[in-house]
Amino acid sequence: MNSTLKYDLVVIGGGPAGMAAALEAKKNGVGKIIILERAETLGGILEQCIHTGFGLHYFGEELSGPEYAHKFIELVEQSDIDVKTDTMVISISKERMVTAVNNQDGFIQIDATAVILAMGCRERARGALDIAGSRASGVMTAGAAQKFVNIDGYMPGKKIVILGSGDIGLIMARRMTLEGAQVKMVCELMPYSGGLTRNIVQCLDDFDIPLKLSCTVIEVHGTERVEGITIAQVDENRNVIDGTQEFVECDTLLLSVGLIPENELSKQIDIDMDPITSGPVVNEMRQTSLPGVFACGNVLQVHDLVDYVTTESQIAGLGAAKYISNPNNDDSRYAFTKGGDGVRYIVPQKVNINSKEEIKLYFRVADVYLKSKFVVSVGDEVLIEKRKQKFAPGEMENATLTLEMLEKIKENDEIVISIKER
Amino acid sequence: MFYDVAIIGAGVIGSLTARNLSQYNLKVALIEKGNDVACATSKANSGIVHAGFDAKPGTLKARLNVDGTKKMADVCKTLFVPFKEIGSLVVAFSDYEVETLRELYQRGITNGLDADSMEILDRQALVKLEPNISPDAVGALLSKTAGIVCPYELTVAAAECAATNGVEFLRNCGVNSIKFENDMFILSTEQGEISAKYIINAAGVHSDDIAKMIGDNSINITPRLGEYALLDKSVGNVVNHVIFQCPTEMGKGVLIAPTVDGNVIVGPTTVEVDNKDSAAIAQDALSNVFKSANKSVPSISMRNTITSFGGLRAHDVTSDFIIGSSNANKKFINVAGIASPGLASSPAIADYVLEILKSIYDGELEKKSDYNPSRTEPVKFREMSDEQRRELIAKNKAYGRIICRCETVTEGEIIDAINSPVGARDVDGVKRRTRAGMGRCQSGFCGSKVMEILSRELNVPINEITKFGGKSDILYERTK
Ligand SMILES: Cc1cc2nc3c(=O)[nH]c(=O)nc-3n(C[C@H](O)[C@H](O)[C@H](O)COP(=O)(O)OP(=O)(O)OC[C@H]3O[C@@H](n4cnc5c(N)ncnc54)[C@H](O)[C@@H]3O)c2cc1C
Ligand SMILES: Cc1cc2nc3c(=O)[nH]c(=O)nc-3n(C[C@H](O)[C@H](O)[C@H](O)COP(=O)(O)OP(=O)(O)OC[C@H]3O[C@@H](n4cnc5c(N)ncnc54)[C@H](O)[C@@H]3O)c2cc1C
């Protein structure tokens with residue numbers, strides 16, 4: 001195929017984010033849409049998450065990952081949205097020329113009016129951690145293990161230690177136990193877990209798997225297959241406390257030490273990036289600093305709940321539809337959001353104060369805060385105050401700017417969210 | 001099984017030597033205890049082609065380094081191995097150290113380097129070449145003929161060339177003992193007995209153990225661990241040359257260098273260890289590496305590390321290469337103590353070993369008429385233009401399926417790597433030949449796909465695919 005294809009909207013990534021964005025764009029009148037997905041099927045990471053816990057917010061029922069995904073896959077199939085799976089996007093240009101390859105059409109070039117980035121994220125690997133020892137087999141990311149177990153149907157280990165208590169780590173602790181493996185412990189460097197409370201209860205407590213906080217893995221033993229690890233306690237600066245080293249016999253170390261938005265393509269077009277989220281800087285419609293290019297889902301910020309991914313992606317889909325119908329009509333005047341005390345980041349990073357709709361801000365806190373409140377303010381003026389029993393870095397919070405509030409905000413104002421004691 | 005020559009060890013030395021011998025009408029075996037070529041020191045080193053000013057004048061090291069580096073560009077070109085003559089800088093941090101640079105320059109001249117291949121730079125000239133260099137750097141010795149090479153790719157390429165020309169590669173074939181009877185060596189190996197008229201001992205850190213098998217106790221290897229951090233391509237141009245630190249009483253410091261693939265390598269440390277079979281890195285290895293590296297380039301940071309690893313130097317007490325016919329049996333050639341700059345010297349070492357073999361061989365070595373000094377050029381999708389990619393996929397659809405997203409490696413390349421003359425048999429073997437799994441996600445994404453392709457191409461169940469042979473299994477039985 002040598003000629004360049006022409007589409008109104010190209011969506012890169014066919015996970016929940018890409019599908020929801022494409023459907024919403026379609027609903028809002030966009031003509032030619034195509035989703036490019038490098039896996040064999042649509043569904044993204046959800047295809048391997050066979051546990052339930054998806055869709056509580058959005059569909060009001062507990063679905064498994066594939067069930068949640070299939071609701072969207074069906075809708076995509078019923079629509080006239082084109083889909084190419086097994087198709088990897090290898091580059092995009094500032095002029096929104098998308099280049100992809102697959103083994104059916106070969107080399108594909110698409111000229112797009114708008115592009116939605118929905119590439120999801122990848123897991124942080126061992127390299128970034130200072131773990132001593134050998135290169136023995138038996139060390140892998142929890143997501144890779146999840147794929148082996150849930151998709152390929154093979155056990156990657158029998159005696160397992162999990163480093164990192166994010167949701168994937170917690171879910172894999174339960175999964176491996178149910179498959180007959182012995183999960184010896186979950187170690188977490190921080191003094192609190194990065195996962196959802198419900199996952200700690202349902203995945204660890206219910207199976208008597210110890211969660212060791214302020215604890216890390218410092219060495220892997222074994223020359224061919226892992227034969228054990230050394231763990232140690234860490235102090236408040238995350239330095240190993242001498243004398244607390246302990247050998248734990250195991251054949252597998254699963255890493256669940258964080259997700260990194262997959263923004264290699266975004267970097268090719270030089271859009272502004274947020275160093276904290278590792279995703280693009282976006283406005284309230286999830287448009288990046290390059291007009292016509294939008295981002296949503298895990299590529300924008302790491303989400304723990306797919307429901308929020310869907311909501312966010314619908315905004316991006318609507319934004320793209322508006323852009324496509326009128327690319328040059330931009331009367332936006334921006335104010336900027338900023339994380340204050342205790343708030344790590346806020347998405348979107350900028351908001352159009354001329355917006356005709358209310359705007360929801362999503363944010364994450366930096367630590368565990370009990371009996372506190374969050375405060376949204378501009379200058380001295382407090383716009384929102386909300387109390388909560390507990391804030392945790394693992395749970396995404398949100399705050400809504402009403403039209404009334406937006407009226408009070410001026411161009412270039414800073415909208416600050418901070419955590420305060422009550 | 002009978003051979004004219006048995007080469008023990010398929011590192012860069014054994015493999016290049018095998019290639020050299022494959023020019024002749026000889027039955028040659030390349031015997032390796034691991035599951036692949038380049039599975040020991042030749043896979044884990046700095047990959048620097050040293051100019052040759054470092055070695056002590058008069059030593060074998062000095063002679064073979066200078067000669068090897070001269071030959072490297074040509075060997076790499078013939079074998080389609082990436083080699084870049086990017087030059088090296090030895091950085092001085094005080095006027096006293098500038099004196100040392102002058103000594104190194106002089107030593108380079110004595111070792112036979114061209115005077116105009118080296119230059120002592122002042123700070124200003126240094127900063128022009130290396131904008132990120134430390135404010136404490138006062139000058140440097142520039143050496144234009146130093147370069148970088150991919151050590152495992154060179155080893156694989158040499159072995160493939162040798163195999164194409166008839167050398168038999170025997171993997172998982174550790175040599176346990178050697179007898180000499182009726183003018184013939186009988187090697188007892190994990191794969192049974194092998195007889196050979198001549199032996200070339202290129203067993204790296206184990207070369208002393210192999211020599212002892214014929215009663216040669218003259219070699220004494222103490223392994224020295226070197227630990228590294230490998231940085232993401234996003235910081236790929238933090239340095240443009242190989243950056244050494246001027247050696248001091250405190251040691252040599254670590255080097256910082258680009259790799260031929262666009263990453264940055266930082267290391268090595270020097271740790272005396274006792275286990276010859278484990279290159280496990282020590283706790284705090286990375287912080288030690290960066291502490292030293294920051295002396296040269298303060299901005300370099302551990303945060304950009306994508307992987308860390310260790311390699312074992314085959315250090316002999318004499319500190320020189322030990323190459324020659326053994327006193328215990330002249331038909332047994334030692335190529336031992338090949339510590340740094342063994343890689344840089346490797347083309348010259350292989351030539352030297354051939355000379356020695358010729359000098360002891362019963363009769364004349366006969367050249368083959370159909371010797372091919374090259375190998376099939378591997379496809380590298382990531383380096384192709386869009387036009388080339390379009391054509392490639394049109395010819396073979398397997399090149400349109402990308403398996404490793406970080407390094408843009410296609411299914412076609414992985415299939416080629418498995419089916420090449422010295423094919424990959426495990427995940428690490430695919431990784432070294434194609435770079436699948438060497439990127440920033442470190443195979444989190446493609447690991448299972450690579451295993452599926454190995455399983456399919458080799459026709460073995462997926463749970464028999466290992467990381468690097470032996471008991472390095474990845475999967476156990478099926479789930480319930
Ligand atoms: C292990 C795990 C457990 C989770 N558990 C829960 C839970 O219990 N409940 C819940 O509500 N949420 C859960 N989540 C969160 C939620 O599922 C994710 O946040 C959501 O799937 C993210 O959607 P996405 O579309 O942004 O990313 P993904 O689902 O990752 O989709 C991105 C897609 O883009 C494709 N892609 C990337 N780059 C390219 C390219 N260059 N070319 C073509 N295609 C490309 C990828 O193949 C992928 O299919 C979990 C997430 C994980 C990882
Ligand atoms: C930290 C470090 C940094 C270095 N940096 C550089 C550099 O920048 N430039 C440079 O020029 N050089 C460098 N070197 C040196 C260079 O890596 C070595 O000189 C070179 O790789 C040695 O190759 P080899 O073939 O002798 O050994 P190896 O690659 O170790 O090969 C020996 C092989 O013999 C096999 N073997 C052992 N015992 C048996 C047995 N009983 N039966 C069968 N097979 C056996 C082993 O499995 C192995 O595959 C460095 C070395 C280290 C450790």
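Author: Chain A falls into three domains: domain 1 (1-123 + 259-330), domain 2 (125-257) and domain 3 (331-422). These bounds come from an automatic or database domain assignment. The model is a predicted one, in which local features need pLDDT of at least 70 and side-chain atom pairs count only at pLDDT 80 or more, whereas totals for chains, interfaces and linings use all residues. Residues are numbered from 1 along each chain as its sequence is written, chains are lettered from A and ligands numbered from 1 in the order in which they are written, and side-chain values use heavy atoms, with hydrogens and water left out.

Consider domain 1 and domain 2 of chain A. Taken over C-alpha atoms, the centres of domain 1 of chain A and domain 2 of chain A are separated by 32 Å. Where the two meet, eleven residues of domain 1 of chain A are in contact with 17 residues of domain 2 of chain A; contact means heavy atoms within 4.5 Å. The area buried between these two domains is about 1100 Å², and carbon and sulfur atoms give 52% of it. Buried area is the accessible area (1.4 Å probe) that two parts lose on being put together, summed over both. Gln48(A), His51(A) and Glu123(A) supply 55% of the area that domain 1 of chain A buries against domain 2 of chain A, more than any other three residues. By class, the side of domain 1 of chain A that touches domain 2 of chain A has five nonpolar, three polar and three charged residues. In this classification, Ala, Val, Leu, Ile, Met, Phe, Trp, Tyr, Cys and Pro count as nonpolar, Asp, Glu, Lys and Arg as charged, and the others, Gly among them, as polar.

The count of salt bridges between domain 1 of chain A and domain 2 of chain A is zero, a salt bridge being a side-chain nitrogen of Lys or Arg within 4 Å of a carboxyl oxygen of Asp or Glu.

The next interface is the one between the chains. Here 51 residues of chain A are in contact with 49 residues of chain B. Chain A and chain B bury about 4400 Å² between them, with 54% of it on carbon and sulfur atoms. On the chain A side, Phe107(A), Arg135(A) and Tyr154(A) lose the most area to chain B, together 16% of what that side buries. Five salt bridges are found across the interface of chain A and chain B. One salt bridge joins the side chains of Glu40(A) and Arg401(B) (3.3 Å, N to O). By class, the side of chain A that touches chain B has 20 nonpolar, 15 polar and 16 charged residues.

Chain B is likewise divided, into domain 1 (1-84 + 148-220 + 317-377), domain 2 (85-147 + 223-316) and domain 3 (381-464). The C-alpha centres of domain 2 of chain B and domain 3 of chain B lie 32 Å apart. Seven residues of domain 2 of chain B are in contact with seven residues of domain 3 of chain B. The area buried between these two domains is about 530 Å², of which carbon and sulfur atoms give 32%. Lys233(B), Asp261(B) and Ile306(B) supply 67% of the area that domain 2 of chain B buries against domain 3 of chain B, more than any other three residues. Four salt bridges are counted between domain 2 of chain B and domain 3 of chain B. The side chains of Lys233(B) and Glu407(B) meet in a salt bridge (2.7 Å, N to O). The side of domain 2 of chain B that touches domain 3 of chain B comprises one nonpolar, three polar and three charged residues.
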